[in-house]
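I opened the model today to look up a few things. These are my notes, in the order I took them.

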Amino acid sequence: MKLSDFSVRIAGLAGDGSLLAGEILAFTLKRRGLYVVSVKDFPSNIRGLPTNLTIRANLKRIYSWGDHIDSLVAFEPKAIKIHPRDLKKGGVIIVDEEIDLKDIHLNDIYIYSVPLKKRARELFKREIFKNVIALGFLGYIYSIDPDEFKNTIVFYLKAKDEKIVESNIRALTEGYVLAEKIVKERFQIERGTDSGRYFLSGNEAVALGAIAAGCRFFAAYPITPSTEVFEFLSKHLPKYGGVTVQGEDEIASINMAIGASFAGIRSMTATSGPGMALKVEALSLASMAEVPLVIYHAQRAGPSTGIPTKTSQEDINHILFAGHGDVSRIVLVPSTPEESFEFTFKAFNLAEKYQIPVIVLSEQAISQNQQTIDDIPYDENYTWERGKILTDEMVLSYMTNGKPYERYEITEDGISLRGFPGQKGIIVRYNSNEKTPEGFIDEECEYRNEMVEKRIRKFENIINELPFPELYGREEAKNVLIGIGSSLGPMREAVDRLNEEKLDFSYLRIRSLFPLHEDYIYSLTFNKNVFVCELNSFSQLRNYLSRIWGKKENVFSLRKYIGLPFKPSEIVREIKKIIKGEG
């Protein structure tokens, strides 16, 4: 049987090598020309708790892990009890023979009890190689040429000792040998064309976007799930003349980034929930002092330290409203690696043009999971827009005319010329207090109203530069799903299934949370049923959007908060309940 849409879950305990085996499988399928989505579900400790990786591959572009899996590889007893509920009929389980199956009763499922640990101990004196033996067994069932796996193993382990690479290849071969003896039915995963596609996580795409945008200073304190941005930039930013710094904490890190931006360097920091809480005072500082700053925030399940490795959309309120006083900001919300790259690049241009903080709001499900993408969205049209910069010619004009340079000059568009410390002929004064146009503290508040209104005027036309909401389906549809971030894939598949049942749905994905394209959202949802899907328990997105509708009836909230993305079937099921009056 040929398969064009294939998914497998590799499950064990942290330390079993499930993630490595899954990553090797995912990359092998990507090289086979398939579009691949991977979803990690792992604990925040190093060893001992359940962890798994789901890989879905399809000939067409996909955005979610779907609903069901074709195969399960289980290294520990709990995995064989939890995950079979997601298996399709006719699915396959590969389980270590040391796991007791006497209480496991499954219909229409092939179960192969394999001596994975035993053979690993006999061949290598180490159980850890059971993961690659299982990979070989799986490869035989799905008719994957062993050389395809071997090439990936060599690529993945190229930094390791040659003996480790050889041992993994021996383990892979052992898996094929074991499978050949007992497997009775095999499948064929179809082959696509891979013309140089990329396999990227959201964090990798953000780091690439930052480099392309001219970021040359990055300061952060490591925190899951944003740390890979730090790791990537620490490795690659120096090649472009940039610097990364690990601050002693989050507060120091964001203030370093503000300082570098003050000096004229494109700067960025990255964080997650608790880290962002510590950065809030500096967020206000950047807004008040009108210093450009890019903040990457990858959401995780909270509050407090919550579940650091699980996804959520629980920081919507925090990101939209954090800060004392009227804090200016822009909030962009990517859903894919392409948008993670594109929005990060755009964030640097917006930050400098409007001299305000720009937050790229992602989530664990996007930031740490990988997807196949056709290309990185970068071309010659991407330019660094630095906004109103004080040039040497302008400085000379100031010196000639005797007019002092005013860092906070009152202007029609609210944006003042940005000078930098060290520019000969001028004095540059930045100030976090209210101030005069020259930058002196104005305790008499003579300029208070003018300064507040100047900062407000920046937002008069900014909406036209922000990513427009994306509609999937018909504008005329009677029912509209609304979501952000990782909701993209499940929402699209849910809309397709609902429309197959003649229920008339479309999906609106918001890509800029602040400012918000309120007029468009209002007109699209006018006189329709609205279903807001979000990964939090407080209906943060629905409540925020209520500013558009007021007391509009027929607005429903679909929420999930267990730390995993939506499945299409969950959305379909909940909507049908609501339609029947059961929700």
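I started with the largest pocket, whose volume is about 1300 Å³. A pocket here is an open set of points on a 1 Å grid over the protein atoms alone, where a 1.4 Å probe fits, with protein on both sides within 12 Å along at least five of seven lines. Lining residues have an atom within 4 Å of a point. The volume is the space filled by probe spheres set on the points, which are joined across faces, edges and corners.

I noted that this is a predicted model, where local features need pLDDT of at least 70, side-chain atom pairs count only at pLDDT 80 or more, and totals for chains, interfaces and linings use all residues. Residues are numbered from 1 along each chain as its sequence is written, and side-chain values use heavy atoms, without hydrogens and water.

Which residues are closest to the centre of the largest pocket? I found Leu19, Leu20, Glu23, Lys40 and Tyr156, out of 38 lining residues. The lining divides into 12 nonpolar, 16 polar and 10 charged residues. H8 gives the largest share of the lining, five residues. Helices and strands are DSSP runs numbered from the N terminus (helices H or I, at least four residues; strands E, at least two).

I followed H8 (residues 227-236) next. It lies across E10, E11 and E13, at about 135° to E11. Contact means heavy atoms within 4.5 Å. Angles run from 0 to 180 degrees between N-to-C directions of axes fitted to C-alpha atoms, for helices over the stretch in contact. In the loop between E10 and H8 I found Pro225. The peptide bond from Thr224 to Pro225 is cis, with omega near 5°.

Then I traced the open sheet: E11-E10-E12-E13-E15-E14-E20, seven strands with mixed pairing. Two strands pair if DSSP finds at least two bridges between them. E11 and E20 stand at the edges with a single partner strand each, so one side of each has no neighbour in the sheet. E14 and E20 pair in the antiparallel sense over two bridges. Val331 has Phe514 of E20 as its bridge partner. Phe514 is also joined to Pro515 by a cis peptide bond, omega about -10°.

Last, I checked positive phi values. Ser143, not a glycine, has phi of about 55°. Gln355 has phi near 55°.

Key. Nonpolar A, V, L, I, M, F, W, Y, C, P; charged D, E, K, R; others polar.
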